[in-house]
Structure formats: C-alpha cells, structure tokens
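Hi everyone, thanks for making time for this. Please have a look at the screen.

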Amino acid sequence: MSSSYAVASKVKDYSQLMKFNLTFMVVFSSVVGYLLVPGIEFSLIKVLILFAGGLLVSGSANTINQLLEKETDKLMARTAVRPLPAGRMSETEAIIVAAVTGVAGLVIMAWGFNLLCAILSLVSLVLYGFVYTPWKKWNSLAVLVGAIPGAMPLLIGWAAGANELGEGGWSLFGIQFLWQFPHFWAIAWIGHKDYSRAGFKLLPGSGEPNKLIALQAVMYTLLLVPAGLLPYFFHISGPISAIVVILVTLFFLYRAINLYRKCDVPSARKLMFGSYIYLTIMQLALLADKI
C-alpha cells in the first residue's frame, strides 16, 4: 500500500513539475497546427508522436521555469505546494528531468517529423525557460517575450507537417501571439498580489491593475478580428470557420470590454476563461472547416 502511494505521489509531483494541464493545451495546439497543413491526413501514429515530443519539450521548459523560480514559488500560495519549493524533490532530480525530457522531445521531433520543427521547439524551450522566466523580475516586457514561445505551438505543428513556415504557419502564429496579451494580463490581474509579493512585473505601466491595462487588453482582442480571417484568406480553412472565429472573437472582445468597464477581479477571471473558450473554439473551427 505504501509502495503504491509513493509511486502515485511521485507521478503527481512530476505532473506538477511539468505542468501537465498547461502542457496538454500546448500540445493540442501543435496537433491542430499539424493537421491544418494542406494535404496532411489524420494519422494516429503521427499525432501520438507529435503529442509525445511536444509533451516532453514543453515539460522540460516548465521544469526549467520551476527550477529558476524555486525561491519565488515559496512566496506565492498557488505555487508553494509545488514539489521543489515544498521540498519533495531535489534540484538535482529536477535538472535530470529537464535534461532528459528536453533532449528526448527534440529527438522525437527531428526523427518523427523534420529538423525545422525540432529547431523551433528548441527555440521555444530556450525562450520560455531561460529568457522569459528571469525577465519577469526585470520589467513587464516579459509578457511580450513570453508571447513568442506561447504562440509557437501552432507554428511548430505547421512546420512538422509542411517542413516550412509559409504564410499559413505565420498566420496561425499571429493569432495565438495576439491572444497571449489579454489572456496573460487577465491572469496577472487575478494574481496581482501574489505576483507582486514574488517580485514579478507582469502588468504594463505602473504595474497596478487599472483601466489603461484593460484598454490594452481590448485593443489586442480587437486585433484578433482581422487576424482571425487570415486562415480563410490563405485558403487554410473555409467561410464557415471564418464566421465562427469572428463570432467567438466578438465574445472574447465583450469580456475584454467588460473588464475595461468594471476593472475588477471577477471580470478579469471571466476574461481569462473567455480566452480559453476562444482558443479552443477557434482551433476546432479551423480544423473542422479545413480546405
């Protein structure tokens, strides 16, 4: 009984270390990007290979993030229970996990698909783990830096299928890049006290939640309207998906405007959940209406 409990506890720690829930969303985006490539048909084997490679690379980046933020994680209620700050895992073990998963994931990407998607995966890992993570303590431009690896899953998936970037890959990257700002500012708004306690500078301007930040969230969400039409103009998906994407963008925009009107945590939380709804529906609509 104690042995099975120990195994379950270790599995849970690894899941927290690699942020499995977040990683699953990242990998899902990569799979969507791959399947949107013209001429690519659904292959369970290919999807599983992409899923495995993406899971390992993203998990490695998240582990590096937690290694570098071990001390600051102790200061925040949400992160103090993670395996490193809680003392359930040594730094040496976490370093081994980061190295093994990172290398294995990149090898899988190169072997299962092509060198381009492996290089993009490496760039994403380095930007997230070694640039965005420490930058959060310097200034709020960290969000801009973090938006690049945050938007790369669709581009990586596209590269895996097409072995080139092209207008299709860049248009998908652009949508998810713009999405990052209202999404992340909503999260930073909700966790402002915790983030400030840890010394993270994630909100622009004064660093305090205010109408100017909410207005910027509205502006970036508004930019998603023309950006969301690019897959249609580039003949990646059809007119039905274009209509669906516009409608879900207007829903997302409504939530951003609501944050501007009320400037409170409940509105920021609704915007955060609205961002997840937008991203999921947008990706599924493009995939369902693929040309």
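Let me begin with N114, which counts as buried because its relative accessibility is 9%. Buried here means under 20% relative accessible area, exposed means over 50%, and partly exposed is in between, with a 1.4 Å probe and protein chains only. Before I go on, a word on the source: this is a predicted model, so local features need pLDDT of at least 70, side-chain atom pairs count only at pLDDT 80 or more, and totals for chains, interfaces and linings use all residues. Residues are numbered from 1 along each chain as its sequence is written, and side-chain values use heavy atoms, with hydrogens and water left out.

Back to N114. Where is it placed? N114 is in the loop between α5 (91–112) and α6 (115–135). Helices are DSSP runs of H or I with at least four residues, strands are runs of E with at least two, and both are numbered from the N terminus. A polar atom of the N114 side chain lies 2.9 Å from the backbone nitrogen of C117. If we set aside residues up to four places away in sequence, N114 touches M109, A159, A160 and N163; contact means heavy atoms within 4.5 Å.

That list takes us to N163. N163 is in the loop between α7 (142–162) and α8 (166–190). Its relative accessible area is 48%, so N163 is partly exposed. For those of you who like backbone torsions, N163 is not a glycine, yet its phi is positive, about 60°. Most residues other than glycine have a negative phi.

Which other residue has a phi near 60°? That would be H235, again a positive value in a residue other than glycine. H235 is in the loop between α10 (211–233) and α11 (239–262). At 58% relative accessibility, H235 counts as exposed.

Y232 lies in helix α10, and with 34% relative accessibility Y232 counts as partly exposed. Leaving aside neighbours within four places in sequence, Y232 is in contact with S237, G238, P239 and A242.

H183 counts as buried, because its relative accessibility is 7%. What does its side chain make a polar contact with? The partner is the side chain of S275, at 2.8 Å. A polar contact is a pair of N or O atoms within 3.5 Å; within protein, one must be able to donate a hydrogen and the other to accept it, and residues adjacent in sequence count only if both atoms are side-chain atoms. Not counting residues up to four places away, H183 touches M272, S275 and Y276.

The other one is L178, which also lies in helix α8. L178 counts as buried, at 15% relative accessibility. Outside its sequence neighbours up to four places away, L178 touches Y220, L223, L224 and A227. L178 and L224 are 46 residues apart in sequence, with 6.6 Å between their C-alpha atoms.

One more pair, from the start of the chain. S9 sits in helix α1 (residues 2–17) and is partly exposed at 26% relative accessibility. S9 and R88 are 79 residues apart in sequence and 9.7 Å apart in space, C-alpha to C-alpha.

Finally, let us zoom out to the whole chain. How many helices and strands are there? The chain has 12 helices and zero strands. Of its 291 residues, 51% count as buried. Among contacts with a separation of 6 or more, 74% come from residues 24 or more positions apart.

On dimensions, the C-alpha trace spans about 55 × 50 × 35 Å along its principal axes. A compact globule with 291 residues would have a radius of gyration near 19 Å, and the chain agrees, with 19 Å. That radius is taken over C-alpha atoms, and the globule rule is 2.2 Å times the number of residues to the power 0.38.
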